[in-house]
Structure formats: structure tokens, C-alpha cells
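Okay, thanks for coming, everyone. Let me put the structure up and then walk you through a few spots.

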Amino acid sequence: MNLASGVTVISNGQLLDGNGGPPVKDAAVVVRDGRVAYAGPAAGAPPVEPAARKIDARGGTVMPGLVEAHFHPTYFNVAALEDLDIKYPVEYVTLLAAANCKLALECGYTAARSGGSLFNVDVWLKKAIETGLCPGPRLAASGREICGVGGLMDWNPDYRKIGMEGLVLLVNGPDEARAAVRKLVKDGVEWVKTYPTGDAAAPDTNDHHTLCMTFEEMHAVVATAHNHKMKVTGHCRATEGIKNALRAGYDTIEHGTFMDAEALDLLLSRDVACVPALQFEHASVVRGKEFGLSQRVIDGHQETLDAGAESARMILKAGGRLGMGGDYGFGWNPHGDYARELTFFVKSVGLSPLEVVRCATRTGAEIMGRGDEFGTLEAGKLADVLVVDGDVVADIAVLEDRSRFVAVMQGGVVKAGRAA
Ligand SMILES: [Zn+2]
């Protein structure tokens, strides 16, 4: 991805640097050749040449670009899980995924970690974004997901198994788990997404269903993936599944719904970040009926939402790390609504706006293994910057409103917003 050349000065706004500290009032951010040269009080900013580009934050907020930590570019307003494997051919899924990446960038998301991809689309999307072929967040690519036979992602009986090869690699035992990971190595995947536990969305393998994968399968996935410098994450709701994943050496935990004290200890002892993705549950409860979800499934989402919120509070209070990502791409939780996750965490989980911004910027970059490159506004970092005409601390929901964006900057280049 190209870096801008020249100097840009962003001023007339408060600075949130992504580290979670109090805002710096009347701040300036100086960008030189695509990197942050200065971020702090305007009074202390270095002099710049008169030809420097000026961006006026209009009394609003200057902050790091957002990081979507559980992104599914290839999901397309899915109304039922079955849509994922039969609705569209890979050619059309690829076009939809490119459009979703453009939308995410316009929504202020300058980086994203995939939480699983249909076919191998994310790997090539990443290449297309990095070479400037299409706009989108800096992407950490995932690929086909791994699940045990008969587990959450194996809902089709044999007589109607159509298209599943694009969605999931179904495994039986550690040998097949190793073989699946080795296939992903050749595909160029960075993150291996697995399904250790069930979900409210599939009543036959509900939330408390632990063994969609055995510990031995999970351990084989981690050992093989780490050998090849890939990272592993998993859809972990049930308590035992969370513990199995942490004991097997998972790099992050998705959802972490039913945490107990022992699971929390395991999480904290290795400082593993968790991505709760609660707005998905909230939207499932509020809008599920419109899309034909049964009352049983909606009740399951409510239980998941309540437990997930409690677990998220527990993790953050104990000094753990949370990423903000929302599993967008379902009919009731569409692409473009990404920042609703942040609003939900402030208004319904009880985190402060500064905590949520840190989770959505610095922690997101750390999850991607790129915390030294972006995620905070500090000298030397890539200038991935979001300039918002509004006070994000007073009202986090301004981040949901793209019409308030003055600039979405990636590597110093203004890619979206009114200044684009
Ligand atoms: Zn997901």
C-alpha cells in the first residue's frame, strides 16, 4: 500500500491517541510521508512548510483509524447459515467482498482481521488492497474455516452437501486437522479460524455444546499452524471449549461467551485477546424475527448476549484485552454497521468511550500482530487516521455516521470523508 508523500497537518480538534488516556484538547497531528511525525498539543507542534496540506477537524476528534477485529468480507446479508454455502458462486462472492472492503474503509476502518472467508477470497482481497487494485482496510487474511464433522458448521446431511468445500474444511481427528491446516498454508492464509463450540444460531449444536472439535484436534491445528507462522482463533462460546482453546495455545478467542474464573485465569496468563462481537447478538434479538429466526434461537441469542456482556466486563476489569469486531454480513447485522459495536459497548456493556476506542484501535492492531505499525497516533506509526466532525468521547455514536467524517486516512492518503 502506497504511503503519501509530503506533509499534512490536522488541527482544530481533540486528539485520542488510541492508548486510552484522556483526550488532548486543541491538538495537532503532523503527517510526513505517510507516517505520524507529531501527535500532541498544537502549541508543541513542529513548524511545517507553508505548502503543507491542512485539514480542519472543525472542533471534532482526531483518532487512529478503526480496526475491525472480526471481519467477514465474504458474508453478504446472510439470512440463514445455509446461505453461506449455496446462495452465490465464488465469482459473485468475490465482487461482494470487494464492495464490503470499500465500505469498511469508508466507515473509518483502516484495518481488519478476517474471522473466516468463503473459498480463499480474503487472501486475494488482501493482495488487491495492498497493490491498490481496490480500496479497503489493511487485511489479515483468513480462509476456509475448520470444524469437526457433525459440529456447528456441518449442518448439511450428506444427501445435500453442496458447495461446502468453499466454506469449511470438515475434519475427523488430529491427522485430518493437520492436513486441513497444511492446505491453508498453501493457500496463503494468515489466520486459521476454527469452530471448537456451538452457537445459539444452530439449536442442534447450541451455545453450551463444547465438542464441535476435540482438544486433540485443536492442539493439532495450533501446533501445525504455529510451525508455519500462522495464528489460530476459534468460535468459543461454551466454557469447556474456551478452556480447551486456551490450553491448546490459541492466539485469540472469538466471543468468549461463557467465561468462568478458571477460563479467565487461562486467558490472562497468556494475555490472549478476546473479540466478543456482541452487536451481532443484540441485532439477532432485536431484528431476528424479521428474518425468520425462531423464538428458540432468539432466546439463545439473548442468553449469549447477557453472558457475553458479563464476560467482556470481567475480562477488561481484570486487565485483559478486548478487540472490537461484530461479525457483520448477516441480514439483521449488515456490513456498514461496524461502529454499532462500539456504541453497544458504551451504552449497554458499561465501558467508557476511551476504553472502547482503545479496544477498537490499539488492541485491534495488536491482535493483527501489527501494534508497532499502527493502531495509535504516535510518532513513527503509519498515518492511519480518522478525523470526525464530532466529540467521540461525549457521543461514541457519531462514529456510526459517515457524513460526520472529515477524513479517513490510510498511510497519509485521504481515502474517504469530506476531505477526500
Ligand atoms: Zn464470525
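Here's one to start: in the hairpin of β2 and β3, which residue takes a positive phi? That's aspartate 33, with phi near 50 degrees, in a hairpin that has 2 residues between the strands.

Quick housekeeping. This is a predicted model, where local features need pLDDT of at least 70, side-chain atom pairs count only at pLDDT 80 or more, and totals for chains, interfaces and linings use all residues. Residues are numbered from 1 along each chain as its sequence is written, and side-chain values use heavy atoms, with hydrogens and water left out.

Back to those strands. When I say strand or helix, I mean DSSP runs numbered from the N terminus: helices are H or I with at least four residues, strands are E with at least two. Two strands pair if DSSP finds at least two bridges between them. β2 (residues 24-32) and β3 (residues 35-41) run antiparallel, joined by 6 bridges, and valine 29 has alanine 39 of β3 as its bridge partner. β2 also pairs with β1 (residues 7-15), again antiparallel, over 7 bridges. There, glycine 13 is partnered with alanine 27 of β2.

Now the metal. Donors here are N, O and S atoms within 2.8 Å of the metal (3.2 Å for Na, K and Ca), and water is not among the atoms, so sites may look incomplete. For the zinc ion, the protein donors are His70 through NE2, His72 through NE2 and Asp327 through OD, at 2.0 to 2.1 Å. Their sequence spacing is H-x1-H-x254-D. Histidine 70 is in strand β5 (residues 66-71) while aspartate 327 is in the loop between α9 and α10, 257 residues apart. Both histidine 70 and aspartate 327 are buried; buried means under 20% relative accessible area, exposed over 50%, partly exposed in between, with a 1.4 Å probe and protein chains only.

On to salt bridges, meaning a side-chain nitrogen of Lys or Arg within 4 Å of a carboxyl oxygen of Asp or Glu. The count comes to 26. Take arginine 138 and aspartate 384, which meet at 2.7 Å, N to O. That pair is 246 residues apart, with arginine 138 in strand β7 and aspartate 384 in the loop between α11 and β14. Arginine 138 counts as buried because its relative accessibility is 7%, and aspartate 384 does too, at 4%.

Compare a local one: aspartate 175 and arginine 178, with the closest N and O atoms 2.8 Å apart. Both lie in helix α4 (residues 173-187), 3 residues apart, about one turn of the helix. Aspartate 175 is exposed at 58%, and arginine 178 is partly exposed at 29%.

Then there's glutamate 281 with arginine 237, closest N and O atoms 2.7 Å apart. Glutamate 281 is in helix α8 and arginine 237 in the loop between β11 and α6, so the pair ties together parts that are 44 residues apart in sequence. Glutamate 281 is buried at 1%, and arginine 237 is buried at 2%. Other buried residues of α8 include Leu278 and Phe280, and the buried residues of that helix pack against α9 and α10.

Note on methods. Contact = heavy atoms within 4.5 Å.
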